[in-house]
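Here is a short note for a colleague who is opening this structure for the first time. Please keep the view open while reading the points.

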Amino acid sequence: MTTNAPLIMRIMALSINTAKRAGVIIRDVLKQGDLGIVDKGKNDPQTEADRSAQRCIIASLAKKFPSIKIIGEEGGSDLNVCDEWLVGELDETFLKQDCPADWRDAKPEDFVIWVDPLDGTAEYTQGFVEHVTVLIGIAIKNSAVGGIIHQPFYQQSSGELGRTIWGLKGLGTGGFTAVKPPANEFIITTTRSHSNALHQKAVDVFNASKVLKVGGAGFKVLQLLEGKAHAYVFATPGCKKWDTCAPEAVLEASGGTLTNINGEHYEYHENVEHVNGRGVLASVGNNHQELVEKIPLEVRQAVGTKQT
Ligand SMILES: Nc1ncnc2c1ncn2[C@@H]1O[C@H](COP(=O)(O)O)[C@@H](O)[C@H]1OP(=O)(O)O
Ligand SMILES: [Mg+2]
Ligand SMILES: [Mg+2]
Ligand SMILES: [Mg+2]
């Protein structure tokens, strides 16, 4: 059963377990106390947890799927990892489900896996650990199709730490209960660490009843899925394909939409520009285009310079 399952199902099933293992590494680095922070640029920190989690994820996926292209935020990693970091077991519960017909025949060369080993690094270093997620996004022929969002610090009611959310277009989502946001309000979730005047202008046009400022693309999309916000607005370049691939797939598998601020989907092929040049607009209702059009054209045109 396991070995005969279509490739997308096996990649998803291994990614679920690998994201969980990366979550343990992220908790362990924090516990041990020395974060080993390196500045990659302005407001762009990297820690030992980002580096180690990426090695664990990419080494595990590359070993099982050697011919699939994998792109990780932290660049080329040493894949010679200890056995404890090599995850080989697939999530059997996930594998029991039927593969959507659209993906059944996808071949290794159709895939790109986008890995953000730790989304919300700034928040991780500042102690806002609930904003942290591990993101594994699976693209087939340019589109974000499957995704894993793991929250290492989520406190389950059972006492267990961490939870893993997955989404596959055509199949649906798992690991959480979707909730609709309140009908009589309009709540925006947005950045707490990468704002600027133009971005603020785009947020202001919505005249939202509440603006939640939280870290990470993964965490903001979870807020949409759990009914805490109606729209995610990020009207500035800065986040990258590994930030949006998994969140886009999970959100859209649940009926929502994630695009740039012009309402266009990003592409996820292996040669695409990494930066999401025209920001992010995500929503859970069925009025995505209306939200796009609320942002004045001159503001939309001023965000970023390139269409990616
Ligand atoms: N200017 C930027 N430089 C680097 N990464 C960025 C930038 N803006 C956004 N990001 C990435 O997108 C995520 C979401 O952004 P924000 O929290 O500001 O809404 C950030 O956690 C960060 O991912 P990461 O933490 O994985 O480096
Ligand atoms: Mg980063
Ligand atoms: Mg990120
Ligand atoms: Mg990251």
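1. The magnesium ion (ligand 4) is held by Glu-73 (OE), Asp-116 (OD) and Leu-118 (O), at 2.0 to 2.2 Å. Donors here are N, O and S atoms within 2.8 Å of the metal (3.2 Å for Na, K and Ca); water is not among the atoms, so sites may look incomplete. Along the chain, the donors of this ion follow the spacing E-x42-D-x1-L.

2. Some ground rules. This is a predicted model: local features need pLDDT of at least 70, side-chain atom pairs count only at pLDDT 80 or more, and totals for chains, interfaces and linings use all residues. Residues are numbered from 1 along each chain as its sequence is written, chains are lettered from A and ligands numbered from 1 in the order in which they are written, and side-chain values use heavy atoms, with hydrogens and water left out.

3. Look next at the metal pair. The magnesium ion (ligand 4) and the magnesium ion (ligand 2) are 3.6 Å apart. Glu-73 coordinates both. Glu-73 lies in the loop between strand S3 (69-72) and helix H3 (92-95), and Leu-118 in strand S4 (residues 111-119), so the pair ties together parts that are 45 residues apart in sequence. Helices (H or I, at least four residues) and strands (E, at least two) are DSSP runs, numbered from the N terminus.

4. An oxygen atom of ligand 1 is 3.1 Å from a side-chain N or O atom of Glu-73. For Leu-118, a backbone N or O atom lies 3.0 Å from a ligand 1 oxygen. In the side chain of His-194, an N or O atom is 2.5 Å from an oxygen of ligand 1.

5. Taken alone, ligand 1 exposes 530 Å², and the protein buries 91% of that. These areas come from the Shrake-Rupley method with a 1.4 Å probe.

6. Which elements give two or more residues to the shell around ligand 1? They are S4 and helix H6 (217-225). S4 gives the most, with three residues.

7. H6 is mostly covered: nine of its nine residues are buried. Among them are Phe-219, Lys-220 and Gln-223. Just after H6, Gly-227 takes a positive phi of about 75 degrees.

How values were computed:
A polar contact is a pair of N or O atoms within 3.5 Å; within protein, one must be able to donate a hydrogen and the other to accept it, and residues adjacent in sequence count only if both atoms are side-chain atoms. Buried means under 20% relative accessible area, exposed over 50%, partly exposed in between (1.4 Å probe, protein chains only).
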